[in-house]
Amino acid sequence: MTTTAVGTHAVGHVHRDDYGSKMGMWLFLFTELILFGGMFVIYAVYRFSHQAEFELGAKELDTLVGTINTMVLLTSSLTVAMSITAIQRGNKKLSMLLVGITIALALVFLVNKYFEWSHKFAVGLYPQSPELLTKPQGEILYFGLYFVMTGLHALHVIIGAIVLAVNIRFIQRDIITKDSYVKLEVGALYWHLVDIIWIFLFPLFYLVH
Amino acid sequence: MTEHTHPHSSEVHVVGYGQYILIWAGLMGLTGATVALAGMELGRWIIVTALTIASIKGYLVLNIFMHLRFEDRTFRLFATVAGAVLLIFIVLTFFDYAFR
């Protein structure tokens with residue numbers, strides 16, 4: 001995370017570097033891009049060599065659940081973006097409400113994901129399951145990538161929701177205010193990155209069959 | 001209260017709720033489009049249409065939701081370089097892999 005240098009040399013005299021805070025978060029997001037990017041490269045290579053089996057694997061996923069989750073995350077990106085406008089306009093309560101809705105949507109996403117994974121486990125689809133190991137190599141790779149990439153993404157959703165919850169507390173305690181809201185901005189940047197990763201995960205796993 | 005902020009961050013750009021909602025509506029529409037296209041038998045083109053639509057969606061989120069359009073040029077340059085590096089990774093991988 002980034003740090004906002006707040007030195008109180010004198011009462012009411014605040015040093016801070018919003019530009020640096022945002023730059024720090026962007027640099028961190030680039031490392032995230034490489035983390036997920038590496039996995040997208042693996043996906044691309046295995047899909048190239050196991051085209052038909054990847055398409056079979058994708059048929060096992062529920063497109064409706066994937067579409068709903070995409071819409072949930074896009075809406076959560078909207079609400080967190082609007083929360084910044086709200087705080088910029090000095091509307092503290094609305095800003096807290098919008099961040100709260102964002103967290104609620106994150107939970108909806110995770111609950112959907114939970115049911116989705118539970119269903120896969122119930123039909124014997126999980127890494128190294130006897131059922132999965134009887135399938136062709138390409139499908140084993142497909143489901144391996146599916147669980148690792150959506151799992152790592154879900155972990156990011158959980159972390160993002162915690163970061164946003166801390167931001168609500170900051171707004172409530174006037175640590176984030178109309179004139180100083182860079183903490184909320186960087187939290188929102190992280191949340192949008194989680195959304196962008198899903199924007200690419202969704203078609204690659206659910207739609208290409 | 002006096003504040004010493006970086007000179008670059010002095011101009012604050014407030015994006016209206018309306019503009020955000022418009023972008024969100026566009027993102028939802030694109031999601032519908034990509035799902036509808038996937039339902040058709042496009043064969044090999046499906047990956048192309050899916051990734052094109054995903055890229056447009058990503059571009060909208062980066063530029064408007066993440067304020068990249070309203071930021072200092074440095075942020076946009078960094079983001080472009082980061083994206084280009086990832087693209088080079090993928091292209092170089094295929095130069096190696098596709099011709100084995």
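Predicted model: local features only at pLDDT ≥ 70, side-chain atom pairs only at ≥ 80, totals over all residues.

Visitor: How do you know what counts as an element, and how many does the secondary structure of chain A come to?

Guide: Helices are DSSP runs of H or I with at least four residues, strands are runs of E with at least two, and both are numbered from the N terminus. On that basis chain A has seven helices and two strands, in the order β-β-α-α-α-α-α-α-α. Its C-alpha atoms fill a box of roughly 70 × 30 × 25 Å along the principal axes.

Visitor: What makes the length of helix 4 of chain A agree with expectation?

Guide: The expected span is 1.5 Å times one less than the number of residues. For the 31 residues of helix 4 (residues 92-122) of chain A that gives 45 Å, and the end C-alpha atoms are 45 Å apart, so the two agree. Helix 6 of chain A, with 36 residues, reaches 53 Å, close to the expected 52 Å.

Visitor: Why is A:Asn167 called buried?

Guide: A residue is buried if 20 or more other C-beta atoms (placed from the backbone) lie within 10 Å of its own, exposed if 12 or fewer, and partly exposed in between. A:Asn167 has 28 C-beta neighbours inside 10 Å, so it counts as buried. A:Asn167 lies in helix 6 of chain A.

Visitor: What is A:Asn167 in contact with, leaving aside neighbours within four places in sequence?

Guide: Contact means that the C-beta atoms, placed from the backbone, lie within 7 Å. By that rule A:Asn167 contacts A:Val99, A:Ile176, A:Lys183, A:Leu184 and A:Gly187. One of these, A:Val99, is itself among the buried residues of helix 4 of chain A. The cover over the buried residues of helix 4 includes helix 3 (63-88), helix 6 (137-172) and helix 7 (182-207) of chain A.

Visitor: Is A:Gln128 buried or exposed?

Guide: Exposed, because A:Gln128 has 8 other C-beta atoms within 10 Å. A:Gln128 sits in the loop between helix 4 and helix 5 (130-133) of chain A, and has a positive phi of about 70° although it is not a glycine.

Visitor: And why is B:His67 given the label it has?

Guide: B:His67 has 19 other C-beta atoms within 10 Å, so it is partly exposed. B:His67 also has a positive phi, near 65°, without being a glycine, and lies in the loop between helix 2 and helix 3 of chain B.

Visitor: What makes a set of residues a nonpolar core, and how many are in the largest?

Guide: A core is a set of buried Ala, Val, Leu, Ile, Met, Phe, Trp, Tyr and Cys residues joined through C-beta atoms within 7 Å. The largest has 70 residues, with A:Leu201 and A:Phe205 having the most contacts inside it. Helix 7 of chain A gives the largest share of this core, 19 residues. Outside four places in sequence, A:Leu201 touches A:Met149, A:Thr150 and A:His153.

Visitor: How many residues does each chain give to the contact between A and B?

Guide: Chain B gives 40 residues and chain A gives 38. Helix 1 of chain B provides the largest share of chain B's side, 10 residues.

Visitor: How do the residues on that side of chain B divide?

Guide: Into 27 nonpolar, 11 polar and two charged. Here Ala, Val, Leu, Ile, Met, Phe, Trp, Tyr, Cys and Pro count as nonpolar, Asp, Glu, Lys and Arg as charged, and the others, Gly among them, as polar.

How values were computed: Residues numbered from 1 in each chain as written. Chains lettered and ligands numbered in written order. Contact = placed C-beta atoms within 7 Å.
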